[in-house]
Amino acid sequence: MDRIHLMTVFVAVGEEQNFAAAAHRLGMSRPTVTRAISNLEEALGVKLVLRTTRSVRLTDVGSRYLDDVRAILARISDADEAATGTNRVMQGHLNVTAPVLFGNDYVLPCIAAYLENFPAMSISGYFLDRVVNLVEEGMDVAVRIGHLPDSSLKAIRVGSVRRVLCASPTYLKSRGVPLHPEELGQHAIVAATGVSPKIEWRFGRGERDISVRIAPRLAVTSNDAAVHAALLGVGITRLLSYQVARHLAEGSLQAVLTDYEEEPWPIHVVHGESRYGAPKVREFIDMLVSHLRKHPDLR
């Protein structure tokens with residue numbers, strides 16, 4: 001049996017933890033699956049699977065080998081798709097993730113355009129205000145806001161955003177406009193950082209760095225709730241510029257303390273290196289990068 005076939009059988013056994021289930025998944029007989037694993041172990045000279053009467057368990061070597069084999073098979077699939085993609089209709093599925101408001105306002109229009117261009121494609125959009133692990137959670141493409149840690153992932157910078165303090169004109173007319181971060185203690189604060197009774201906001205750059213302890217009058221667990229509270233005149237909130245760009249442009253919210261803003265945060269489109277070789281992923285990334293780089297809110 002060829003090595004790729006043996007690897008495919010091993011992945012099925014490792015994921016199903018059962019020979020019968022793996023055989024059913026592959027459309028093979030159980031003895032054929034068992035023989036394939038034995039042949040693979042013999043070729044490698046190591047034990048990959050521990051067999052009992054009721055279950056199958058991977059050895060430590062088998063667990064590490066499973067991760068490596070998955071990556072190898074994924075790269076083979078990507079290579080095949082890249083070689084044949086130009087000669088067939090784009091089809092398949094993508095998993096895309098981004099922060100909630102960013103996904104709704106900036107990624108979703110690109111998804112809609114992509115699906116219109118490629119009717120045989122489908123996409124799952126995971127818009128979540130947490131860092132999604134691309135490898136462990138099976139994501140093809142992600143949008144990340146902020147400075148990136150070193151990793152094996154590839155990133156394409158598409159713009160930047162700022163942290164903005166803002167409030168409704170009605171609130172500022174009644175309570176006044178703060179001229180220094182230390183004056184925030186005299187104002188009602190809406191915080192989108194959970195329900196902690198006290199938080200710390202940092203301002204400025206370099207030597208002008210200022211840290212202010214804030215006691216929110218209203219603490220909420222989502223950014224859109226903070227936006228709505230600010231629009232209702234509850235107080236001053238701090239959000240990323242893209243989250244309030246429309247309201248600032250319309251005048252329903254007004255930015256304050258702009259002279260004390262921190263350095264802008266970068267925006268990246270992130271993907272696994274091997275996945276970029278797949279035409280369906282490459283096409284989506286190219287569309288998304290072009291779309292985001294042209295957007296005036298992200299400059």
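Analyst: What follows concerns a predicted model, and takes a helix pair and then a sheet.

User: Why is α5 called oblique to α8?

Analyst: The axes of helix α5 (residues 100-117) and helix α8 (residues 241-250) cross at roughly 55 degrees, coming within 9 Å. Angles under 35 degrees count as roughly parallel and those from 65 to 115 as roughly perpendicular, so α5 is oblique to α8.

User: Which residues of α5 and α8 meet, and how many of them are nonpolar, polar or charged?

Analyst: On the α5 side they are L101, F102 and Y106, and these meet Y242, Q243 and A245 of α8. By class, five residues of this contact are nonpolar and one is polar, while none is charged.

User: What makes β11 and β13 the edges of the sheet?

Analyst: The open sheet has five strands in the order β11-β8-β12-β7-β13, with mixed pairing. Because β11 (218-219) and β13 (254-256) each have a single partner strand, one side of each has no neighbour in the sheet.

User: How do you know that β8 and β11 pair?

Analyst: Pairing requires at least two bridges between the strands, and two bridges join β8 (residues 189-191) to β11, the two running parallel. A191 stands opposite A219 in β11.

User: Which helices lie across β12, and at what angles do they run to β12?

Analyst: Helix α7 (residues 223-231) lies across β8, β11 and β12 (236-240), and runs at about 140 degrees to β12. Helix α8 lies across β7 (163-167), β12 and β13, and its angle to β12 is about 120 degrees.

Methods:
Residues are numbered from 1 along each chain as its sequence is written. This is a predicted model: local features need pLDDT of at least 70, side-chain atom pairs count only at pLDDT 80 or more; totals for chains, interfaces and linings use all residues. Side-chain values use heavy atoms; hydrogens and water are left out. Axes are lines fitted to C-alpha atoms, for helices over the stretch in contact, and angles run from 0 to 180 degrees between N-to-C directions. Helices (H or I, at least four residues) and strands (E, at least two) are DSSP runs, numbered from the N terminus. Angles under 35 degrees count as roughly parallel, over 145 as roughly antiparallel, 65 to 115 as roughly perpendicular and the rest as oblique. Contact means heavy atoms within 4.5 Å. Ala, Val, Leu, Ile, Met, Phe, Trp, Tyr, Cys and Pro count as nonpolar, Asp, Glu, Lys and Arg as charged, and the others, Gly among them, as polar.
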